[in-house]
Amino acid sequence: MRVDIRPFGKDPAGQPADLITLTNARGESVSLTNFGGHIVSLMVLGRAGSLGEVCLGQDSAEDYARRDIGYMGGTIGRYGNRIGGAAFTLNGEEYPLYANDGRNTLHGGKEGFNRKLWAYEVEESGVVMRYTSPHMEEGYPGELAVTVRFTFSEQAELRIDYRATTDRDTQINLTNHAYFNLGNSPDILGHTLWIDADQVIEVDGELIPTGAMLPVEGTPYDLRTPQPLGEVMQREDNAMFAAAKGFDIGYVLNGSGMRQIARLHDPDSGRVMTVSTDQPGVQCYSGQGFNCGGRAGHRYCAYAGIALETQQHPDTVHQPSFGSTLLKAGDVYQTATVYAFSAQ
Ligand code: BGC
């Protein structure tokens, strides 16, 4: 694996950030920046044997600090997705959080992990990024030491291993917010998507879970056989789907342990991406809110890319039936996701 490092501009505090590119023997590459642990670029082979970009990106750390980019490619923490009412109670104490999404908190609050400068080390075929989140940062208790290891393989698999420890009990839900577009079209409406889930998380008008899990049967959310996204997007028979103008939903994944949970395919380029994870859920967001500039003068508009954010279910802090996002002092948080690329 070849590793190249170059300057990538400065974070909001004026500290220099780097762009680290890992290139395999086939010439496929992943580029990452230690500002916010962003996936900046993923170049993989298509059917015709030519390299192509498969994720949305920006040109500099300054661009990744913009608020209009929809968390594009960022490492999300301390708590991915929404916490209703921007507060939670732990061990009898109430912890108010920053409400950055109406009355609720989203993707870590005001200055999430996607806006921090991470320390990093280069390994044989990967990069390890480290960030220590101080006790009470963004309102969360516990000094949290986080490691995110990105590994790229000769077969174009990008693996992300998350690990964290804390000195006080806390809540944690880490993910990555990459948006994928496997083809050359400005949107993903020509892609097909399969997600191995029989149920989704019901949400209210503020996208906060009600506590119910709904069967996907008969709804636009049913991706148990691969569905053409452009056709699904036309559907008007589901209030939740219509209100969100597409996918913005937590899937309750079938099975447990490390398993393949999703497959995105672009019939035009022949590119395929599979997603494997050990997590119980994936937030599928079809990028309907996009209207921003991107790499090399690109304009990203609605459905420019699709995010498949592996994670624990949203608002698990308030929904014990969803599982637990509690990390106890002394315990180790560990989870992994693999995005694997091929062509057919
Ligand atoms: C959320 C969307 C939100 C988007 C922001 C997604 O993870 O589910 O509701 O608009 O992030 O980019």
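Buried here means under 20% relative accessible area, exposed means over 50%, and partly exposed lies in between, with a 1.4 Å probe and protein chains only. The model is predicted, and local features need pLDDT of at least 70, side-chain atom pairs count only at pLDDT 80 or more, and totals for chains, interfaces and linings use all residues. Residues are numbered from 1 along each chain as its sequence is written, and side-chain values use heavy atoms, with hydrogens and water left out.

View 1. Strands (E, at least two residues) are DSSP runs numbered from the N terminus. In S24 (residues 271-277), 7 of the 7 residues are buried, so this strand is largely enclosed by the rest of the structure. Arg-271, Met-273, Val-275 and Thr-277 point one way from S24, while Val-272, Thr-274 and Ser-276 point the other way, and all are buried.

**View 2. The two pairings of S24.** Two strands pair if DSSP finds at least two bridges between them. S24 pairs with S23 (residues 259-266) in the antiparallel sense over 7 bridges, and Arg-263 has Thr-274 of S24 as its bridge partner. The hairpin of S23 and S24 has 4 residues between the strands, and Gly-270 takes a positive phi near 80° there. S30 (residues 332-343) also runs antiparallel to S24, joined to it by 7 bridges, with Val-338 in S30 as the bridge partner of Ser-276.

**View 3. Cys-292 and Cys-301.** With a disulfide taken as a pair of cysteine sulfur atoms within 2.5 Å, the count comes to 0 disulfides. The sulfur of Cys-292 has its closest cysteine sulfur in Cys-301, 8.4 Å away, which is too far for a bond. Cys-292 is buried, with a relative accessible area of 0%, whereas Cys-301 is partly exposed, with a relative accessible area of 39%.
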